[in-house]
Amino acid sequence: MHGSERTRPHPLGEDHGPVRYGPPAPDPGLPVLPELVGVLAASAARTRPEPPGGGTILREAACGYWGRRGLHGGPDGIAAAPGAQPLLLALIAAHGGDVLMPRPCPATWTPQARLLGRPAYHVPTPAECGGIPDPYALLETVRRVRAEGGRPRLLLLSVADDPTATLAPPELVREACEAAVSEGLHIVSDETWRDTLHRPHDTVLLSPAEMCPDDVTVLSDLAGALTPSAWPVAVARFPATARAAARRARVLDILTALGALVAEPVARAAAHALGEPEAVTARIRQAARLQAQVASAAHRAVLTVGALARPPQAGRHLYADLGPLRTRLAARGVTDSMELEEYLTERLGAPAPGGHRFGDELGALRVRLSTGPLLGSTPEQQTESLTAVEPLKLPHVARALSIFAAALDELR
């Protein structure tokens, strides 16, 4: 057992863990789009929540959003909830059985399964990306779990991944999905970050629902690219099958029991964003371009000190492995990812959750680093970052990147 585990509760234990002390999602570091503020304000007098699973306007908007991405269907195949956590909780509960997920994985996934008392198994990811389990490791894990008396039923994955900020190649997605379906697993594809690709014209994102339409439920937290995290709303798209219809009905029952209803003003703003008017799509493009430049600069700073990280391809963060700096970190009292989280959070002045939050081993010195705090500390600075031709040359961005690099450089 690792030394730190003997002296304090394990980070995924009963006393201290992501359920109570989970890290926040990577903040965009940008002001709310004024057009969305206007829609929300115009609906502020609406005092009733949406019905369980969302009202017709919101669900039809979600249909249009997915239809433009090649995933067609009607509003009866959509469910909405106030955020991804209650929606994922309902999806896991509706499917039954044991849950499989890649390692690392989003910080909220394992706690959701554990809250329901479900065994959760992590499957290694391939070298080139995160978010998708290695197909051969997946098959081996399923067989091992069954041999031990388990009932693997559900696979969670994300093509555009949090925490690694990578994009899975289409051929790998296909292999992983075919392996899962061959073993009777249903797939929940978290596509929260699909609209945040740093180079959308140079990369191809293939949804598992395009390959295995009857065996994939798609989940999207709109806070990924469309709405502020303070206006929680997430949507799920179910397959067009009788079995999926029954599961959707079960999901609505669970959301009703939880009181997990979307506020109507938030639903109106979310529906407007899902409609993708020009102001929304322009903001998405600007934000992705900005995050790409800042994330690349942060990635260079990580590599410069001898640490490791895959090049970020989506989202507003990167996942760094400081294992090569273990000796220098140990001299500063940092021997595991929990201590690394505390160390870097203090020096960066922003959350830097350790890899143990995402299912990685406690002894691995991995950390998710967000780019949002590098864009400015005021709405004015953030707007300037968003609209600048060369944002890295702005004084406040250059200063923030310098502080970021210095916190790592002292470990060389």
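Helices (H or I, at least four residues) and strands (E, at least two) are DSSP runs, numbered from the N terminus. The model is predicted: local features need pLDDT of at least 70, side-chain atom pairs count only at pLDDT 80 or more, and totals for chains, interfaces and linings use all residues. Residues are numbered from 1 along each chain as its sequence is written, and side-chain values use heavy atoms, with hydrogens and water left out.

Next, colour A244, R248, V251, L252, I254 and L255, the buried residues of helix 10 (buried is under 20% relative accessible area, exposed over 50%, partly exposed in between, with a 1.4 Å probe and protein chains only). They lie on the same side of helix 10, because they cover an arc of only 165° around the axis, taken from the directions from the helix axis to the C-beta atoms. Turn to the other side of helix 10, where A242, R243 and A257 are exposed. Just after helix 10, select G259, which takes a positive phi of about 70°.

Now move to helix 14 (residues 337-348) and helix 16 (residues 395-409), whose axes come within 10 Å and cross at roughly 145°. Axes are lines fitted to C-alpha atoms, for helices over the stretch in contact, and angles run from 0 to 180 degrees between N-to-C directions. Finally, display L344, R347 and L348 in helix 14, which meet I403, F404, A407 and L408 in helix 16.

Methods. Contact means heavy atoms within 4.5 Å.
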